[in-house]
Amino acid sequence: MPEVTYLEALRQGLWEEMERDERVFILGEDIGIYGGAFKVTEGFIDRFGPSRVIDTPISEAAIVGAAAGAAHMGLRPVAEMQFIDFISCAYDMLTNYVATARYRTGVATPMVVRGPSGGYVRGGPFHSQMPEAAFFHTPGLKIVCPATARDAKGLIKAAIRDDDPVLYLEHKFLYRRIKEHLPEGEDLLTPIGKARVAREGTDLSIVTYSATVWKALEAAEEIAVKDGASVEVIDLRSLVPLDDAAIMESVKKTNKVLIVHEDTRTGGIAGEIAARINEQAFEWLDGPILRVTAHDVPLPYAPTLEDFVLPQTADIVTAARRLLAY
Amino acid sequence: MAAPAARRSPIPAGLSEDALLEIYYYLRLTRSLEERLVNLYRQSKVIGGLYGSLGQEGQSVASAYALEPGDIVSPLIRNVGSMLVMGAMPLDLLRQYMAKGTGPARGRDSGVHFVDLERGYLGNISHLGDMVPVMAGIALSFKLRGERRVGLVHVGDGASSTGAFHEGMNLAAVQRVPLVVIIENNGYAYSTPTSRQTAVKRLAEKAKAYGVPAETVDGNDIFPVYEASTRAVERARLGEGVTLIEVVTYRRKGHAEHDDQRYQPKEEREHWARLDPIDRYVWRLVAEGWVEQANLKAVDDRVTAELDTAVAVAEGEPPPGGDTALSDVLADPPEAERLWHRRR
């Protein structure tokens, strides 16, 4: 089993689906000869040609709208946002058109919108965003956020095969930083809507997704070594559908929950998860549901500023200790 | 069909007498259906707003008549005529506006907001301009699969101001997809006159920015609309890409039925009433000796009978059950969660 990066795993998944199913095509800005801003689609145009690897104008609304039209006709488009920050330019098309299409008309829109999300890379306010909360609120869209190379591959393949529109939010900090041995010649699929226990524990649950899974794992290790406490880490993998069962199972085991995400706090995913735990497992809690998130500010550029604003491993350790004291 | 007495000139645009009568059928059906809807609205049997196309039926029918089976049209609210030409049933329009559970949108959305890709129509959403990129994608699918099919998307003078219109036109043009874009310039976007919508004299001028051909035609004359649409459809089918057609017409009613039209001068409305597309069409058919008056009367009777039946059926149908609202947000899961305080 060769070791592949998160980015390579995503590439493999996309490539394999294009080989497997001629209905799959990709469109986006600079994805052809240039291979995409992060080289996710490097070499694709040589293999699949310009009719299945379509360089588009700088027109996010048209990219998403055209993908929707093609999806209605039975194709399986994968639209790339060069940086996921630009998905806001297609917000109307996604929330009003794509998300409502099946409900209003019964017509399927099997398409994927993917792109590099997230910070910790000194990208500044417009190349670092986590966009999930805006779309999490809209019925009709699925959202996946892989944290591992295995899921980067498994979720892109599952997203392409899904009959619903899926936002696939890859994390650019993870692209080349994490590696994993992946089986070859095997159809590697991660089911959408299923969380994963990234680390088993008994004293406290950390519920998180995307890059902060790794920070939670670091924090869990530090607490195990220094405090002797056992922290469980749940990697949600999918935000819509959200795996309530996996969250509640962990809550009922540890009775303490810390929710961690990189996105800003107010109106973030953590609030919804906390509300669900409150509704479904209140009697099992031995302490308040705590959150570690970004501060409620646009994400600044300077390393000192970005590091201050974004959740760090030390923040997770601090919050976990506060909760373990209950 | 009885042969006409004496043709004073040949029928233009390669149309047959039967085709002329078929076009007349769709024109009359569109207008009469909308008249029925107004009556139902006044009886509070239409739910919410009602949008009409009085005076604009000609272009909707004539442009869609240039399409063939397999082609797909995306209408706006005033393109009921296009949908009827593609095979939409008047009964379904009635069900839509009356929010019946039996309607194609199952009571979830109103008016022309419904889809039948087999018959060849993709209803719009209310966010103007959005259907241009979506139809660009549909036309892209035709191109990628090498199908000789064509898309036609209607926008209004107002929608041509949106970013989605621009992005969709530009993408469609650069990809040379088989798409016809019709800007139906009816003088007003709700209350805003076209002169405050755009600084160009003719909306067709916008085509220059996309490198596509365009023409402006009289939207209240069936023949030039049909001929321009046929040329554009033919170009698209031959792989020559996008054409923009501006059809100039006039919205003789308000934006919706509730609208008092205080912003439209009375003389202006009267002027355009004298240019009514159906009246002009009928006058010409008879004056040129292309069809017999009796054949037109037969169409009128057919339309009346069909609508009598459709209205009676629609009126007798039930609204959707409230809890049907939970299905089909996603394919999987097929039902949204029913909230605990609604569990009985």
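Start with one residue pair. Val197(A) has Ile234(A) as its bridge partner in strand 11 of chain A. Strands, here, are DSSP E runs of at least two residues, helices are H or I runs of at least four, and both are numbered from the N terminus. Strand 11 covers residues 231–235 of chain A, and three bridges join it to strand 9 of chain A. The two run antiparallel.

Before going on, the ground rules. This is a predicted model, where local features need pLDDT of at least 70, side-chain atom pairs count only at pLDDT 80 or more, and totals for chains, interfaces and linings use all residues. Residues are numbered from 1 along each chain as its sequence is written, with chains lettered from A and ligands numbered from 1 in the order in which they are written.

Confidence next. The model scores ipTM 0.95 and pTM 0.96. Chain B averages a pLDDT of 96, and 99% of its residues score at least 70. pLDDT is the predictor's confidence in each residue, from 0 to 100.

Back to the sheet. It is open, has five strands, and its order in chain A is 9-11-10-13-14. Pairing is mixed; two strands pair if DSSP finds at least two bridges between them. Which strands stand at the edges? Strand 9 (196–199) and strand 14 (290–294) of chain A do; each has a single partner strand, so one side of each is left without a neighbour in the sheet. The twist averages 25° from one strand to the next.

Now the helices on that sheet. Helix 7 (residues 212–226) of chain A touches strands 9, 10, 11 and 13 of chain A, and makes about 170° with strand 11. Helix 11 (residues 313–324) of chain A lies across strands 10, 11, 13 and 14 of chain A, at about 170° to strand 14. Angles run from 0 to 180 degrees between N-to-C directions, with axes fitted to C-alpha atoms, for helices over the stretch in contact. Contact means C-beta atoms, placed from the backbone, within 7 Å.

On to the interface. Chain A gives 33 residues and chain B gives 34. Helix 3 of chain A supplies the largest share of chain A's side, nine residues.

Stay with helix 3 of chain A. Of its 13 residues, 13 are buried, meaning 20 or more other C-beta atoms, placed from the backbone, within 10 Å of a residue's own. Just after helix 3, Gly74(A) takes a positive phi of about 100°.

Notes. Two residues are in contact if their C-beta atoms, placed from the backbone, lie within 7 Å. A residue is buried if 20 or more other C-beta atoms lie within 10 Å of its own, exposed if 12 or fewer, and partly exposed in between; C-beta atoms are placed from the backbone.
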